[in-house]
Amino acid sequence: MKKIVLWGATGQAVVLEEFLPLLGYRIISVFDNDASARSPFPNVPIYYGMSGFKEWKARNNSKDVYCLVAIGGPNGKDRLEIQNFLEKQGLISVVAVHPKAFVASTVKIGAGTQVLANSAICARASLGLSAIVNTSASIDHECVIGDGVHVGPGATLAGCVWVGNCSFIGAGAVVLPRIRIGERSIIGAGSIVTKDIPDDTVAFGVPAEITGKRDGYY
């Protein structure tokens, strides 16, 4: 099996571990920035932060080692930065699509993106780098999903929706056709988005209304 490392030792790592072996990958190490974190997998070592990665690299041949950033939530910027770091160290970002997900043949998916069980990505949709399409989410035809976006469990994006880089669509949210959601914005769980949402905005409700600005994310 191909060797893979995960950066992130919490829930997203647990979800990935369930199906990565089905794709031919064996997790050999886990990394996390939180020094109190523990490896979620028996017999898989954990290393902490950039110094821990350097320690790991000194002990291991990183040639032909693959990687995924297993950090969920509204943390797309972190996923992208860590993925970029790992690639510069010679690791290879992969696309991880659960065998029980539906992905149309015309879909384009960027490196590092994770598509979880029972989700659906329909014709001519495009997903950027290090995005997450969570369990049972639905992305309809011709949607454009930016780098670092996270579409939460059970969320539904109708056709031709555009979601900017590093935005987060909460669990069960619905975005109506041709809506544009700006970069770095958050849509609250269960919301129904009926109009465009600007950059750096938090929106929530039925219909979704702007409730604040997303600050401190740079």
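We start with the whole chain and then zoom in on one residue.

This is a predicted model, where local features need pLDDT of at least 70, side-chain atom pairs count only at pLDDT 80 or more, and totals for chains, interfaces and linings use all residues. Residues are numbered from 1 along each chain as its sequence is written, and side-chain values use heavy atoms, leaving out hydrogens and water.

**Stop one: the whole chain.** Switch to a cartoon view and you'll find three helices and 24 strands in the protein chain; these are DSSP runs numbered from the N terminus (helices H or I, at least four residues; strands E, at least two). The C-alpha atoms fill a box of roughly 50 × 40 × 25 Å along the principal axes.

**Stop two: the inside.** Of the 218 residues, 51% are buried (under 20% relative accessible area, with a 1.4 Å probe and protein chains only). Contacts are heavy atoms within 4.5 Å; among those with a separation of 6 or more, 29% join residues 24 or more positions apart.

**Stop three: His-150.** Select His-150, which sits in strand 15 (residues 150-151). Is His-150 buried or exposed? At 4% relative accessibility, His-150 counts as buried.

Now show the side chain of His-150: it reaches the backbone oxygen of Gly-73 at 3.1 Å. Next, select what His-150 touches, leaving aside residues up to four places away in sequence: Gly-72, Gly-73, Arg-79, Ile-132, Asn-134, Ser-167, Phe-168 and Ile-169.

Terms used
Buried < 20%, exposed > 50% of the residue type's maximum accessible area, 1.4 Å probe, protein only. Polar contact = N/O pair within 3.5 Å; in protein donor to acceptor, adjacent residues only side chain to side chain.
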